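Trainee: I am new to this structure. Please take me closely through one part of it, step by step.

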Amino acid sequence: MSFVAAIDSSKNISSWSRAVNALAQISDQIKITISGLALTLSAINPSRTSSGEISFERSFFREFSFDTANISPVGFKIDEYDHNYSSYSCIVSSKHMVVLFKNLDAASLSYICLRLDCYDGVPRNKEFKVFVEILTKKMIVKKYSVNYQPVLPQESPIPRIYKKDFDNGKCKHLMMELNTMKSFLDMVPLSTEDFKVDVKQTKISFVAFTRQVLKDKELLKQAMSITISMAIDELMESNLDGTTSSINFRLKDYRTFITCCTSMGDLTHSDDNLSPEPSFEAYFKGGGDPLVVEHNSGPVLVRLIILTAGTGEPQDGDENRDKYILHGHTIHRVPESHITKAIPTSLISKGRLDNATGQGREPSYEPDFNSFQSSSMGDIVTYGKRGSTPTTEAPAKKAKTKVTDADTDYSTSDEEAELGPTQQNNKPTSLFE
């Protein structure tokens with residue numbers, strides 16, 4: 001295997017579910033990036049004006065393993081300086097992820113396990129699939145597989161550039177409570193389209209508004225505006241004193257970000273009463289430049305990048321402005337030479353001419369469509385912490401009993417009866433094995 005991760009904490013399972021649901025509202029595809037340090041989920045909207053990213057560190061998971069030995073070069077990016085930053089990237093359907101993880105009852109689950117087999121020469125029935133295993137506290141094992149496509153690894157440089165410019169005094173920054181922003185957005189109708197941050201010397205204003213739309217003197221959309229103002233000193237942190245700035249951007253994805261961060265809460269402290277007030281940070285420059293919003297909750301980092309509307313005025317020189325672009329996902333195609341190499345020779349059956357030479361006939365590989373569970377799902381139980389991993393011992397032979405009916409066994413033999421497939425050692429075992 002190349003990657004295995006398991007989550008067994010109810011609080012972490014709920015956070016994982018909310019993260020998947022939030023990114024699914026941004027795009028129809030979710031990108032999964034795996035490295036030796038973290039697993040990152042990200043999504044970019046079709047217009048490429050906003051990008052959401054949620055990163056889960058190793059400590060978020062009960063078990064985390066990423067093996068780059070003999071890994072497939074398709075979708076893999078190697079870091080020659082630090083192998084922990086080498087990563088594998090792929091995209092999956094948001095609809096499939098939502099079906100699996102939306103509205104999970106975390107209290108009733110023992111764990112969620114994810115597995116990717118992306119090593120070179122992986123069998124075709126496991127290639128380009130994300131295997132998901134869920135164990136409930138009623139000892140029911142659920143298994144799923146989701147197809148994925150490997151993509152070219154690429155990371156937006158905008159957050160790194162903004163933080164570097166902030167250290168040099170070239171980027172504006174603020175930190176405020178999540179609940180304050182959430183309370184304001186709860187008063188804003190869902191039909192509201194735009195959001196504005198207006199800084200004037202010692203005061204900052206947040207404005208949610210919808211522009212009026214007229215067509216042939218007919219009112220198609222009524223203008224609406226809701227504003228909240230506060231002193232800059234009331235912010236938790238900022239470098240906005242004595243500055244004047246204004247940025248406009250779309251509200252939909254920003255609302256999704258605030259809602260997601262608020263629902264996650266604080267994953268650092270086990271006692272919510274002792275946890276600090278959750279907050280978020282924002283980095284911005286001016287109209288037309290991106291806005292970077294971040295929320296850090298222990299092992300989870302939530303980040304949103306939004307392109308703001310331009311003001312039409314000439315902007316100050318910024319040597320990095322040509323890098324303020326959100327790129328879409330690029331499918332990493334498998335080279336033909338790699339496809340040929342990846343076919344296992346043991347699965348190639350001989351033709352009739354080869355079998356007519358008088359040598360011993362080798363068994364040919366024929367897929368058994370009537371045993372789908374054993375051929376493609378039988379050995380994907382990956383998380384062995386709770387006894388779900390199949391054992392390598394030979395199965396016990398069935399006791400010979402006298403059958404008096406073709407369909408029913410009424411034998412009363414004194415021999416010890418064999419336990420059913422889900423009764424062995426009181427350990428959960430898949431019914432598909």
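Mentor: Start at the hairpin that β20 and β21 form, with two residues between them. G298 sits in the turn and has a positive phi of about 65°. This is a predicted model, so read each value as computed from it. Strand β20 covers residues 290-297. Eight bridges join β20 to β21, and the two run antiparallel.

Now turn to another partner of β21. β4 pairs with β21 in the antiparallel sense, over seven bridges. Here S55 stands opposite L301 in β21. How enclosed is β21? Six of its eight residues are buried, so β21 is largely enclosed by the rest of the structure.

Next, look at a cavity. The model holds five cavities of 30 Å³ or more. α5 gives the most, with four residues. By type, the lining of this second largest cavity divides into eight nonpolar, two polar and three charged residues.

Where does this cavity lie? Domain 1 (3-150) and domain 2 (157-267 + 276-307) both give residues to the lining, so the second largest cavity lies between them.

Note on methods: Residues are numbered from 1 along each chain as its sequence is written. This is a predicted model: local features need pLDDT of at least 70, side-chain atom pairs count only at pLDDT 80 or more; totals for chains, interfaces and linings use all residues. Side-chain values use heavy atoms; hydrogens and water are left out. On a 1 Å grid over the protein atoms alone, a cavity is a set of points where a 1.4 Å probe fits but cannot get out, and a pocket is an open set with protein on both sides within 12 Å along at least five of seven lines; lining residues have an atom within 4 Å of a point. Grid points are joined across faces, edges and corners, and a volume is the space filled by probe spheres set on the points. Ala, Val, Leu, Ile, Met, Phe, Trp, Tyr, Cys and Pro count as nonpolar, Asp, Glu, Lys and Arg as charged, and the others, Gly among them, as polar. Domain bounds come from an automatic or database domain assignment. Buried means under 20% relative accessible area, exposed over 50%, partly exposed in between (1.4 Å probe, protein chains only). Two strands pair if DSSP finds at least two bridges between them.
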